[in-house]
Protein chains: 2
Amino acid sequence: MKIGILGATGPAGRGLAARLADVGHDVLFGSREASKAERVVAELRSEWGERVANLHPMDNSGASDAPVVILAVTADAAIPTAKAHAHELAGKVVVSMANNLVRNGKEFNAVLPPHGSVAAEMQALLWESKVVTAFHLVPAAEFGELGHEMESDVVVLGDDDDARATLMEIVRSIRHLRAFDGGSLLNAVGMETFAAVLLTINVRHKGRASMRLTGI
Amino acid sequence: MKIGILGATGPAGRGLAARLADVGHDVLFGSREASKAERVVAELRSEWGERVANLHPMDNSGASDAPVVILAVTADAAIPTAKAHAHELAGKVVVSMANNLVRNGKEFNAVLPPHGSVAAEMQALLWESKVVTAFHLVPAAEFGELGHEMESDVVVLGDDDDARATLMEIVRSIRHLRAFDGGSLLNAVGMETFAAVLLTINVRHKGRASMRLTGI
């Protein structure tokens, strides 16, 4: 599948891009500066060779030219980036994966925007796009470790049934990742705030927790 | 440990009470009507015999007379019950385990009170108690199936360090349950809204999901 990634040079973006290219997707690797995208893709190629041959470096506008576009920018940049590319993203499936978290002492807390979650906020802004959301609980570094199989379960949410099904298919194209349908964007608050809990557990129990569902 | 349960005759309460008695706690089994508590304890004794010898039926006021009191009433009764027993609960560790969820078509959504979660709302109301919260993701029926080992991971939250440690100890007294420290009550929203996601997954994937953390 042809998949665009905005902010692909960031910690979550570069790993996810490499992982998606490795399993056969055609990845438009976007950054604010095309030159930065080229530099990071060159790094990934020197590390993973032919496995990431399907990474195509370009600017974020270029990377918006795909039926599915993932916003992999940091949480504080998610809404501004969506706004900057709103027209290019019209009619497309747009994937939000940001958790807007702050660290307060020995815990992380979620900061929720007026619509209740980053994903719902993005859908309100991108009213001509189909916003879906996933990957909230996957440690960013795990995507990029192509030598290791991923182990998380991924919950996918969105208001549009077809868009949700498309994202679930993408998730399942990554070996060992299971995709579960968690409902509409009303429930995105559940993933973004649970991410704060999970990171707090990591701090307090000194680990790197992933979530698995049993009994299903 | 001596543990009071308010609303112990309900679906979550009766199972949790039986489970706690089975692992050796002294359980004050409370209900609005002492006679109902007696009837349900008699049912549990006929089913589990000596394993639940430590269940003591009484009314909710009587069951408030313990250092740790669990509110196992349904979500819509959680705040009114806390209010009705506020004076008796002063100075005690009070455990909220309610998720205030509604079913909308093929999904569940969380309905959050003004303070952001049922647990935070309860702490605001019970300002002389130490409110902690846990058990959000454990299927209610699992508690009562004493013939089966439980399998969930349980996240414990609360603003008071000692109260949180006490509840973690209670969780760990149940064989195979692992307890994780998820931080303050600010993060209770994460557990209550993730519960809506988990129940939605159960509806859409036809299962009874529990949550396990890996990598920790």
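In this predicted model, helix α9 (residues 188–205) of chain A packs against helix α9 (residues 188–205) of chain B at an angle of about 135 degrees, and the two axes are 8 Å apart. That angle makes α9(A) oblique to α9(B), because an angle has to be over 145 degrees to count as roughly antiparallel. The crossing of α9(A) and α9(B) is left-handed.

On the chain A side, the residues in this contact are Val189(A), Gly190(A), Met191(A), Thr193(A), Phe194(A) and Val197(A). They meet Val189(B), Gly190(B), Met191(B), Thr193(B), Phe194(B) and Val197(B) of α9(B). By class, the contact of α9(A) with α9(B) holds eight nonpolar and four polar residues, and no charged ones.

Two further helix pairs lie within single chains. In chain A, helix α4 (residues 75–84) and helix α6 (residues 118–125) pack at about 15 degrees, with axes 10 Å apart. This makes α4(A) roughly parallel to α6(A), since angles under 35 degrees count as such. Their crossing is right-handed. From α4(A), the contact takes in Ala78(A), Ile79(A), Ala82(A) and Lys83(A); from α6(A), Val118(A), Glu121(A), Met122(A) and Leu125(A) take part. The contact of α4(A) with α6(A) comprises six nonpolar, no polar and two charged residues.

In chain B, the axes of helix α4 (residues 75–84) and helix α6 (residues 118–125) come within 10 Å and cross at roughly 15 degrees. The angle makes α4(B) roughly parallel to α6(B), and the crossing is right-handed. Here Ala78(B), Ile79(B), Ala82(B) and Lys83(B) of α4(B) meet Val118(B), Glu121(B), Met122(B) and Leu125(B) of α6(B). Six of the residues in the contact of α4(B) with α6(B) are nonpolar, none is polar and two are charged.

| Helix pair | Angle | Axes |
|---|---|---|
| α9(A) and α9(B) | about 135 degrees | 8 Å apart |
| α4(A) and α6(A) | about 15 degrees | 10 Å apart |
| α4(B) and α6(B) | roughly 15 degrees | within 10 Å |

Salt bridges are a separate matter. Side chains of opposite charge can pair when their charged atoms come close. Over all chains the count comes to 26 salt bridges. One of them joins Glu43(A) to Arg14(A), where the closest N and O atoms are 3.2 Å apart. This pair links distant parts of the chain, 29 residues apart: Glu43(A) belongs to helix α2 (residues 34–48) of chain A, and Arg14(A) to helix α1 (residues 11–22) of chain A.

As to confidence, chain A has an average pLDDT of 96, and 100% of its residues score at least 70. The model has an ipTM of 0.95 and a pTM of 0.95.

Notes: Residues numbered from 1 in each chain as written. Chains lettered and ligands numbered in written order. Predicted model: local features only at pLDDT ≥ 70, side-chain atom pairs only at ≥ 80, totals over all residues. Heavy atoms only, no water. pLDDT = per-residue confidence, 0-100. Axes fitted to C-alpha atoms, helices over the stretch in contact; angles between N-to-C directions. Helix = DSSP H or I, 4+ residues; strand = E, 2+ residues; numbered from the N terminus. Parallel < 35°, antiparallel > 145°, perpendicular 65-115°, else oblique. Left-handed = near helix turned anticlockwise from the far one by under 90°. Contact = heavy atoms within 4.5 Å. Nonpolar A, V, L, I, M, F, W, Y, C, P; charged D, E, K, R; others polar. Salt bridge = Lys/Arg side-chain N within 4 Å of Asp/Glu carboxyl O.
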